[in-house]
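Reader: Could you walk me through reading the charges, burial and overall build of a model like this one? I would like the general idea each time, then the case at hand.

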Amino acid sequence: MTEPHRDRDLTRRLKAKAVELGFDRVGVAGAQTPPDYDRFRAWLDAGRAAGMQYMERHAEARAHPDRVFEEVRSVVMVSMVYGEPSDEPPRPSLGKIARYARGRDYHQVLRARLAELFDWLKAERPEVEGRAVVDTAPLLERDFGRLAGLGWIGKNTLLIDRRLGSFTFLGALLVDLDLEPDSPHVTSHCGTCTRCLDACPTGAFDGPYQLDAGRCISYWTIEHRGPIPDEQADRLDGWVFGCDVCQDVCPWNRKAPAGRVGELDAREEWIDPDLVEWLNRSKGDWKRALRGSALDRARRVGLVRNAALALGSARDEGATAALIDRLSDRGEDPVVRGAAAWALGRIGSATAREALEWFRDDDDAALREAVARALESGAGVRPSSAGC
């Protein structure tokens with residue numbers, strides 16, 4: 001069987017065009033079963049995906065990129081650096097948002113550039129067919145990033161580039177051309193370092209490359225719908241959307257460059273947001289704020305829930321009035337009301353407990369239960385003079 005013709009010149013020019021469009025790295029992998037697919041299946045079978053049932057439903061589709069685009073021959077992988085580091089918020093009433101979500105929704109930014117890249121390729125090869133992918137299709141992108149030579153998969157399960165670090169978005173262009181593949185990245189440069197594993201606030205790593213989503217702050221603050229269990233609610237560490245801890249401590253991110261695509265720069269309102277203001281913000285204002293933002297994944301209910309929990313975990317008495325307003329609003333989502341009850345219980349002041357007592361016999365059974373737990377959890381908290 002003869003080797004397919006590889007178009008080296010087209011591949012070289014395609015890569016140059018990708019960089020011109022704002023991508024920081026680009027590599028090519030052949031269409032194949034990803035090497036870590038069996039590990040991914042074992043991870044699912046061990047129940048490590050928590051409530052992300054869609055991953056199980058689409059598990060078989062991740063076995064080969066032809067499930068995403070049937071005629072695929074090459075997978076063009078691109079990476080784009082995003083954001084800049086920020087300091088710890090100066091006070092507990094300010095929340096923390098993962099760096100990737102502070103600018104414009106990356107799906108829109110990468111898709112637009114991948115579309116331009118495909119249009120360029122179509123002009124060069126009118127017969128080409130393909131599909132652009134930005135983490136919404138069942139493709140093991142990090143695995144293909146490694147196959148395309150873009151880096152290695154670190155102990156925190158993220159793709160790490162020696163020059164760019166790990167704060168990068170990945171995208172893919174699946175095409176029916178035989179492009180020149182890059183050599184896979186076969187070495188790891190984590191060495192004996194375990195900083196990412198040791199720094200996790202919730203101990204979500206059972207060991208290198210072993211992430212339990214059920215203990216991951218990003219899962220609870222973004223993917224999970226409904227109330228967050230008390231144990232997890234008290235361990236969000238101020239994060240209200242995602243978590244960057246395992247990347248912030250990684251030595252490979254110390255000298256990594258800042259992002260160069262302006263659309264991904266942080267919006268002022270998503271840098272150290274005022275969580276009390278989040279509780280008081282109208283639904284209309286939330287709708288406008290989330291337009292074009294990756295934070296819309298958690299929706300307004302999830303974000304306000306997270307804000308209430310973060311304020312309660314910090315025992316921030318300055319949030320008491322706003323939390324009482326959310327608890328008292330019968331038009332509010334039950335998840336938010338329950339989170340407000342939990343937070344008031346954690347604050348434990350006389351004012352907070354008095355508000356909870358008003359709803360001990362509420363018509364909503366779920367809220368009654370939340371209030372009862374909140375009162376019980378705050379029983380040992382000594383009220384401050386500010387709440388008397």
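Author: Gladly; let us begin with burial. A residue is buried under 20% relative accessible area, exposed over 50%, and partly exposed in between, using a 1.4 Å probe and protein chains only. At 47% relative accessibility, R67 counts as partly exposed. This is a predicted model, where local features need pLDDT of at least 70, side-chain atom pairs count only at pLDDT 80 or more, and totals for chains, interfaces and linings use all residues. Residues are numbered from 1 along each chain as its sequence is written, and side-chain values use heavy atoms, with hydrogens and water left out.

Reader: Which residue forms a salt bridge with R67?

Author: A salt bridge here is a side-chain nitrogen of Lys or Arg within 4 Å of a carboxyl oxygen of Asp or Glu. For R67 the partner is D66, with the closest N and O atoms 2.9 Å apart. D66 is partly exposed, at a relative accessible area of 27%.

Reader: How many salt bridges are found in the whole structure?

Author: The search finds 38. One of them joins the side chains of D206 and R215, at 2.5 Å from N to O. Elsewhere, shared partners link D9, R12, R13 and E124 into one network of salt bridges.

Reader: Where do D9 and R12 sit relative to each other in the helix?

Author: Helices are DSSP runs of H or I with at least four residues, strands are runs of E with at least two, and both are numbered from the N terminus. D9 and R12 are 3 residues apart in helix α1 (residues 8-20), so about one helical turn separates them. Their side chains meet in a salt bridge of 2.6 Å, N to O. D9 is partly exposed, with a relative accessible area of 38%, while R12 is exposed at 51%.

Reader: And the whole chain: how many helices and strands does it have?

Author: The protein chain has 16 helices and 10 strands. Buried residues make up 53% of its 388 residues. A compact globule with 388 residues would have a value near 21 Å, and the 23 Å of the protein chain agrees. Along the principal axes, its C-alpha atoms fill a box of roughly 80 × 40 × 40 Å.

How values were computed. Rg over C-alpha atoms; globule rule 2.2 N^0.38 Å.
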